[in-house]
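I opened this notebook to record what I looked up in one structure. The entries follow the order in which I worked.

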Amino acid sequence: KGVLIEHGSFANFCYGFIESQQITERDRAANYLQITFDGSIIDIFPTLVVGAELHIIPSQLRLDMSQLNAYMNAHSITLITLPPKVCEVFIHQPNTSLRLLIAGGEQLKLSFLPDYPLINAYGPTENTVATTYQRVDQVHGNIPIGKPLPNIWTYVMNSDHQLCPVGV
């Protein structure tokens, strides 16, 4: 589907993501996701806005978690976004470079937590890819979608479009 995203929304996402994930010019981000997938902007544009280093993961490494991990360790990659199914397998690799792994696009199911922070990101394309984020600290049950990025508001409503109380 094609979704029009205005420049203001895109800029708001970039700066909110930079602030919430503390991305700096010292980071080395890797773009794993295909450029045709809207989630790819999570790694690309906030990285470029702060002047950090961006690596495009070669296609031959995308399905081999051992080679992907070796590449990330060799290039001191500190930040990457992976699809949940890939993330669920990748976190078993002995990575020494990551300071943040982001998963988003579908429900994340874990049986193991890595030694580095793992973020569960959620949001529809229409809201410039990511709306909420949650640091993952549990492996069982539903992993929450978290709180909104800076300068974004979320509302939980019932079937009658009435606001739900906290905890619903």
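**Entry 1: cysteines**

I started with Cys 87, which counts as buried because its relative accessibility is 0%. The model I am reading is a predicted one. Next I looked up Cys 14, and at 2% relative accessibility this residue counts as buried. I then wanted to know how many disulfides a search of the whole structure finds. The search finds 0 disulfides. I noted for myself that a disulfide is a covalent bond between the sulfur atoms of two cysteines.

**Entry 2: salt bridges**

I turned to charged side chains. Side chains of opposite charge can pair when their charged atoms come close. How many salt bridges does the structure hold? I wrote down 4.

One of them joins Glu 25 and Arg 26, with 3.4 Å from N to O. I checked how open each partner is. Glu 25 has 49% relative accessibility, so I filed this residue as partly exposed. Arg 26 has a relative accessible area of 62% and is therefore exposed. The cut-off between the two classes is 50%.

Another salt bridge is between Arg 99 and Asp 27, and their closest N and O atoms are 2.8 Å apart. Why does this pair tie together separate parts of the chain? Arg 99 is in the loop between helix H4 (84-90) and strand S4 (100-104), while Asp 27 is in the loop between H1 and strand S1 (28-31), so the parts joined are 72 residues apart in sequence. Arg 99 is partly exposed because its relative accessibility is 28%. Asp 27 has a relative accessible area of 4%, so I listed Asp 27 as buried.

I also found Arg 28 in a salt bridge with Glu 53, where the closest N and O atoms are 3.7 Å apart. Arg 28 belongs to strand S1 and Glu 53 to strand S2 (residues 53-56), so this pair ties together parts 25 residues apart in sequence. With 30% relative accessibility, Arg 28 counts as partly exposed. Glu 53, at 34%, counts as partly exposed.

**Entry 3: aromatic rings**

I looked for ring pairs next. A pair of aromatic rings is described by the distance of the centres and the angle of the planes. The count came to 2 aromatic pairs. For Phe 10 and Phe 45, the ring centres are 5.1 Å apart and the planes stand at 80°, so I recorded the pair as edge-to-face. This pair links distant parts of the chain, since Phe 10 is in helix H1 (residues 7-21) and Phe 45 is in helix H2 (residues 41-50), 35 residues apart. Phe 10 is partly exposed because its relative accessibility is 27%. Phe 45 has a relative accessible area of 33% and so is partly exposed.

I also looked at a charge over a ring. Arg 62 lies over the face of Tyr 32, and the distance to the ring centre is 5.5 Å.

**Entry 4: a surface patch**

Which residues form a nonpolar patch on the surface? I listed Trp 153, Tyr 155, Met 157 and Leu 163, which together have about 540 Å² of accessible area. I followed up Met 157, which is in the segment after strand S7 (147-148). Its relative accessibility is 43%, so Met 157 counts as partly exposed.

**Entry 5: loop residues**

I checked backbone angles in two loops. Gln 22 is not a glycine, yet its phi is positive, near 55°. This residue sits in the loop between H1 and S1, and Gln 22 is exposed because its relative accessible area is 61%. Val 129 has a positive phi near 75° and is likewise a residue other than glycine. I found Val 129 in the loop between strand S5 (118-122) and S6. With a relative accessible area of 10%, Val 129 is buried.

I then went to the loop between strand S6 (132-135) and S7, where Pro 144 is placed. Pro 144 has 39% relative accessibility and so counts as partly exposed. Asp 137 lies in the loop between S6 and S7. At 63% relative accessibility, Asp 137 counts as exposed.

Terms used:
Residues numbered from 1 in each chain as written. Predicted model: local features only at pLDDT ≥ 70, side-chain atom pairs only at ≥ 80, totals over all residues. Heavy atoms only, no water. Patch = residues over 30% accessible without salt bridge, like charges linked within 9 Å, V, L, I, M, F, W, Y side chains within 5 Å. Areas by Shrake-Rupley, 256 points an atom, 1.4 Å probe, with all protein chains shown as cover. Salt bridge = Lys/Arg side-chain N within 4 Å of Asp/Glu carboxyl O. Helix = DSSP H or I, 4+ residues; strand = E, 2+ residues; numbered from the N terminus. Buried < 20%, exposed > 50% of the residue type's maximum accessible area, 1.4 Å probe, protein only. Phe/Tyr/Trp six-rings, centres within 6.5 Å; stacked < 30°, edge-to-face > 60°. Lys NZ or Arg CZ within 6 Å of the ring centre and 35° of its normal. Disulfide = S-S within 2.5 Å.
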